Amino acid sequence: MTVNKNTFVIGFMLFAIFFGAGNLIFPSALGLESGQTFWPALLGFVSTGVGLPLLGIIVSAYYQDGYRTALDRIHPWFSLLFLAVVYLTIGPFFAIPRTGATSYEMAVVPFLGEPGSTSLLIFSLVYYGITLWLSLNPSKMVERIGAILTPVLLVCILALIGKAAWWLWGRPPTLTDVQSTGAAAYLNGFVNGYLTMDVLASVAFSVIVITAIRARMLTRSAQGDGSVAALNEAVLTPAQRRQLIVQTSLAGIVAATALAIIYVGLGWFSNRLPVDPAVLADLKERGQDLGTYLLTTAAYSTFGEFGRVLFGVIVTLACLTTSVGLVTAVSEFFNDIFPRISYVTYAVICSLIGFLLANQGLSAVIDKSVPVLMVLYPVVMTILIIMLIETFVTPLPLQAQRLAVGLVMVVSILSVAGTDFSQHLPLKAYSLEWLPFAAVAIVLGVVVAWMRRGAAREEG
């Protein structure tokens, strides 16, 4: 395996587009709440918050068109519709407007005496204008994010973590009365990492990574017009296919390593941050986000008034890079499916929808979109499991793939609808109630296919 400058640039770009405001908040809150079981809890968080998205990126490189190839095998129409829903949900109808709304509430509102619709309108207009500008030329996005914005983001985050670690070094965990075993703490972290939903984002971001690596591997003549469709249609030699897999894996490892280091750092200083229990109770009573409070407190305690500015820069950069990555991924996907409409037009539409929905406020954006995400996520996880088995273990019969995906989708819909049946399913407390159904469906599908082959041999 060879690591070069491009590997790091693409890896840092991948880190930046994965790393949004939620990735700041989740490990911080978990760090404090885990008390003396910090390390098991963070290990669980990293397992699902870093490990699963990394697997999602790596396994996609083994397929010509990533997840689209795997879904086409189940059924082309299902592939088109499901991926369209995924891209629209994590793109213009949820994650893109959420990045702008989150940046405003966490980076701008603390400096405003009376925040209102006018200030949100002005901020979001500038925010989505920058998002659109950075997204207009996808071939330059890797350099703009991976080589420019990501280093700035990393320096800001590491400055906060480093100063906080220096200040809190030697201090014991703040919450010493947490009644939890190592196993329970690990499972709690596992669920928190799972709920970041970065595996869902890996569907979109894997295309960006593979396209960027293909563009650097192919000669200009082999790239055609340079579009995503042309790059994906270019025939790779066996050696180039191996190189694509290796470089995608290495870029994923670079991104995953950066994510893991940041998660542990944020969790560690939050675990030791001096917080009055009365303040924690007040936050819970008012429904305020614990992670946001911990981060703003740490920033102010370590850097004073400048810390508030530093935190604002971190949040804005984290959200902006994610927004750019999502606009690019969604626009490239739909331009590949419906090429008569230009990539630029799709990018403008995505940015405009994000701008309009962000002005409804953060709570409205989240409330309307979470149920859809909770249906999609188990299906994507099931598809990832199928791809992993097919790539590293054995090919699965089509019946097994269709049965697993169909059954998990039904269970997910029933679970989100809150039916009595779903409330008593195993692993419901960990949001993994779909997993036993996926496993049983795969095994059943394999058995049925084996029996059919046996019957066909006997008839022949």
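This is a predicted model: local features need pLDDT of at least 70, side-chain atom pairs count only at pLDDT 80 or more; totals for chains, interfaces and linings use all residues.
Biologist: How many aromatic pairs does the count come to?

Modeller: The count comes to 18 aromatic pairs. One of them joins Phe-15 and Phe-19, whose ring centres are 5.3 Å apart with 25° between the planes, and this pair is stacked.

Biologist: Are Phe-15 and Phe-19 buried or exposed?

Modeller: A residue is called buried when its relative accessible area is under 20%. Phe-15 has a relative accessibility of 0% and therefore counts as buried, and Phe-19 is likewise buried, with a relative accessible area of 0%.

Biologist: Why is the pair of Phe-45 and Tyr-263 edge-to-face?

Modeller: Planes over 60 degrees apart count as edge-to-face. The planes of Phe-45 and Tyr-263 stand at 85°, with the ring centres 5.0 Å apart, so this pair is edge-to-face. Phe-45 is buried at a relative accessible area of 0%, and Tyr-263 is buried with a value of 0%.

Biologist: Which residues do ring pairs link into a cluster?

Modeller: Phe-15, Phe-19, Phe-45 and Tyr-263 are linked by ring pairs into a cluster.

Biologist: Where does the charged end of Arg-308 sit?

Modeller: The charged end of Arg-308 sits over the ring of Phe-111, 4.8 Å from the centre of that ring. In another case, Lys-163 lies over the face of Phe-303, at 4.6 Å from the ring centre.

Definitions and conventions. Residues are numbered from 1 along each chain as its sequence is written. Side-chain values use heavy atoms; hydrogens and water are left out. Rings of Phe, Tyr and Trp (its six-membered ring) pair if their centres lie within 6.5 Å; planes under 30 degrees apart count as stacked, over 60 as edge-to-face and the rest as tilted. Buried means under 20% relative accessible area, exposed over 50%, partly exposed in between (1.4 Å probe, protein chains only). A charge sits over a ring if NZ of Lys or CZ of Arg is within 6 Å of the ring centre and within 35 degrees of the ring normal.
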